[in-house]
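Subject: Structure for you to look at

Hello,

Here is the structure I said I would pass on. Please open it alongside this message; my notes follow below.

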Amino acid sequence: MDMSETSRPVVDEVDLMLANARLRDELEPYRDESIDSSLHRMPLRTENEYLASMLAWERAPALPIASWFSPVMELPPPDSLSDQALSELLIGTIIRLHSQRVVLRCTDHLTDRELYKIIYRDILPCCEKKVELPGKFLEWRCIEDNDTWLRYYADAVERRRFQEEYEVDLPPSETPPYQRDLP
């Protein structure tokens, strides 16, 4: 075994330690107890990835989601579209949102028009931090109440836990009426 084979892991560890020190220095202005409390017993490579994601979050601008696109995404008002035109535009809009790492969840209880209204009224004008990290997405859950979640999306274990915690009667579990295959 030559010297280069035995020294490489040490060099990698040194590189990781130097990167860790740099990341911690850059995070210093944003430091609070959440950084220190979340780093216990984490491998150095994982810690560095975590610190890099925190730094990206802190530095990211908060912008209306519509302005994440070039040009800015502008949609016609829902009431100005026929059902057919709205459905076609909705598909393209969902694909465009996904291209900017916005993922829609829990949409299958909504009609196309209801989902389009949520995108138009709630999602596009919402200011969010645009963080570009591999594998990271902004997940938008399109439900506003527990009843809808319990009825259409909660599994048996989640339903049981909810019932035990809040001591309430649960709505019947149902299959959502508008099954979608979203990106």
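Is Cys106 buried or exposed? Cys106 counts as buried, with a relative accessibility of 15%. Please keep in mind that this is a predicted model, and that the values below are computed from it.

Overall layout

The chain has 183 residues, and 31% of them count as buried. Seven helices and four strands make up its secondary structure elements. Their order along the sequence is α-α-α-β-α-β-α-β-β-α-α. The accessible surface of the chain is about 11900 Å², and carbon and sulfur atoms account for 52% of that. If you take the contacts between residues at least 6 apart in sequence, 70% of them join residues at least 24 apart.

Salt bridges

How many salt bridges does a search of the whole structure find? The search finds ten. In general, side chains of opposite charge can pair when their charged atoms come close. I describe some of the bridges here, beginning with one between two helices.

The side chains of Arg113 and Asp83 form a salt bridge, with 2.8 Å from N to O. Arg113 sits in helix 5 (residues 112–123) and Asp83 in helix 4 (residues 83–99), so the pair links distant parts of the chain, 30 residues apart. Arg113 is partly exposed at 21% relative accessibility, whereas Asp83 is exposed, with a relative accessible area of 56%.

Arg180 and Asp112 also meet through their side chains in a salt bridge, at 2.8 Å from N to O. Which parts of the chain does this pair tie together? Arg180 lies in the segment after helix 7 and Asp112 in helix 5, so the bridge ties together parts that are 68 residues apart in sequence. Asp112 counts as partly exposed, at 27% relative accessibility.

The side chains of Arg121 and Glu144 meet in another salt bridge, at 3.8 Å from N to O. Here Arg121 is in helix 5, while Glu144 is in the loop between strand 4 (138–141) and helix 6 (146–153), 23 residues apart. Glu144 counts as exposed, at 68% relative accessibility. Arg121 and Glu144 are also linked with Asp122 in a network of salt bridges.

Surroundings of Arg180

Helix 7, which Arg180 follows, spans 156–166. Besides its salt bridge to Asp112, the side chain of Arg180 reaches the backbone oxygen of Thr107 at 2.5 Å. Which residues is Arg180 in contact with, leaving aside its neighbours within four places in sequence? They are Thr107, Asp108, Leu110, Thr111, Asp112 and Leu115.

That is what I have for now.

Regards

Methods:
Residues are numbered from 1 along each chain as its sequence is written. This is a predicted model: local features need pLDDT of at least 70, side-chain atom pairs count only at pLDDT 80 or more; totals for chains, interfaces and linings use all residues. Side-chain values use heavy atoms; hydrogens and water are left out. Buried means under 20% relative accessible area, exposed over 50%, partly exposed in between (1.4 Å probe, protein chains only). Contact means heavy atoms within 4.5 Å. Accessible areas come from the Shrake-Rupley method with a 1.4 Å probe; for residues, only the protein chains shown count as cover. A polar contact is a pair of N or O atoms within 3.5 Å; within protein, one must be able to donate a hydrogen and the other to accept it, and residues adjacent in sequence count only if both atoms are side-chain atoms. A salt bridge is a side-chain nitrogen of Lys or Arg within 4 Å of a carboxyl oxygen of Asp or Glu.
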